[in-house]
Amino acid sequence: MYWEQTAAMRIKNKTSTFQDIKRGVRQDCVLSQDLFSLYSEIIMRNLENHPGIKVSGQNINNLRYADDTVLIAENKEDLQKLLNIVEEESRKKGLELNSKKTEVMVISRKHESPKCDIFINEVKLKQTEKFKYLGTIISNDGKTNREISARTAQAKINFQKMKTILTNKHISIETRKRALQCYIEPVLMYGCEAWTISKQIQNKLEATEMWFLRRMLRIPWTTKKTNERVLNETNKRRSLVRTIRKRQATFLGHEMRRGKLEHLVTTGKFEGKRSRGRQREKIMDGLATWLGPGKVSDILAAVKDRDLWRDMIANAYKQGT
């Protein structure tokens with residue numbers, strides 16, 4: 001199918017000379033995704049017996065979604081070995097790793113991330129403090145604060161783009177609230193199923209929700225009007241954080257019953273010692289408090305019953321706990 005194919009460039013009415021296509025899959029070809037998946041699977045199978053990180057005894061050294069690949073290791077020596085294997089096996093298949101599009105990040109609780117010098121063909125890779133993976137910002141501190149801040153800023157930008165509609169007093173407040181729910185809040189809540197919501201983050205999200213409502217009512221910042229009065233005028237309850245918690249609980253139930261990698265990472269134990277000081281709040285801790293039982297073990301037991309799990313989510317959302 002690909003044998004002796006040629007291509008030419010056409011700009012307006014002028015066409016260049018035809019050139020041979022010697023490598024690569026063809027855009028819009030129905031075989032392209034299958035060929036790419038086949039090659040990538042063959043390449044990544046060479047990593048199966050090499051160390052990564054262990055969760056409940058299971059070794060995880062890579063994550064893949066289409067052509068976005070993440071290699072994971074506990075130290076830079078193991079990470080360099082993984083990268084060398086992928087580079088070598090890719091070269092055998094006629095593929096090359098792009099060093100400009102490949103970055104290194106060390107996830108640590110330290111204020112300054114340890115240096116990690118990783119190379120591709122003697123080219124040192126850039127070490128970064130954050131990068132965007134599948135539309136979500138991953139930070140070197142392992143927290144979601146930067147992602148939530150970026151989502152909040154993006155939602156406010158989109159609000160300003162629809163300002164003429166959302167602040168139009170000739171349109172009923174119910175219609176404007178519906179537009180806010182349909183076009184602005186999804187931008188803010190993208191990927192919220194993986195957020196860890198501390199008290200500080202919750203206050204920030206609630207402040208963002210009030211920011212939307214105050215501008216919809218055209219309330220200037222100099223007006224001393226309480227949040228309760230604003231909520232009464234819009235005939236609304238605080239719902240942003242409750243909606244995020246509901247989406248997290250729904251997603252958790254789906255993944256726990258599915259029993260795949262997400263289940264392992266959420267419930268499994270990582271090898272090693274705990275760091276000194278107070279431990280960070282986990283997403284399961286926040287959900288346990290919101291749903292009522294207060295214990296993670298109770299959640300894991302209840303999630304197996306789909307009807308019970310739905311009732312728990314509906315009750316928690318209604319109560320606003």
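Ala66 takes a positive phi near 55 degrees, in the β7 and β8 hairpin, which has two residues between the strands. The two strands pair in the antiparallel sense over four bridges; pairing requires that DSSP finds at least two bridges between strands. Asn62 has Leu71 in β8 as its bridge partner. Asp67 sits in the loop between β7 (62-65) and β8 (68-71). Asp67 counts as exposed because its relative accessibility is 55%. The classes are buried under 20% relative accessible area, exposed over 50%, and partly exposed in between, with a 1.4 Å probe and protein chains only. Asp67 and Asn145 are 78 residues apart in sequence, and their C-alpha atoms are 27 Å apart in space.

This is a predicted model, in which local features need pLDDT of at least 70, side-chain atom pairs count only at pLDDT 80 or more, and totals for chains, interfaces and linings use all residues. Residues are numbered from 1 along each chain as its sequence is written, and side-chain values use heavy atoms, leaving out hydrogens and water.

Now the whole chain. The protein chain holds 12 helices and 14 strands. These are DSSP runs numbered from the N terminus: helices are H or I with at least four residues, strands are E with at least two. The radius of gyration is 25 Å, well over the 20 Å that the globule rule gives for 321 residues, so the chain is more spread out than a compact globule. That radius is taken over C-alpha atoms, and the rule is 2.2 Å times the number of residues to the power 0.38. The C-alpha trace spans about 70 × 65 × 45 Å along its principal axes. Of the 321 residues, 33% count as buried.

Next, helix α1, which covers residues 32-44. Ser32 belongs to helix α1. Ser32 counts as buried because its relative accessibility is 11%. Leaving aside neighbours within four places in sequence, Ser32 is in contact (heavy atoms within 4.5 Å) with Tyr2, Val25 and Arg26.

At 39% relative accessibility, Ile42 counts as partly exposed. Leu38, Tyr39, Ile42 and Leu95 make a nonpolar surface patch of about 340 Å².

Notes:
Patch = residues over 30% accessible without salt bridge, like charges linked within 9 Å, V, L, I, M, F, W, Y side chains within 5 Å. Areas by Shrake-Rupley, 256 points an atom, 1.4 Å probe, with all protein chains shown as cover. Salt bridge = Lys/Arg side-chain N within 4 Å of Asp/Glu carboxyl O.
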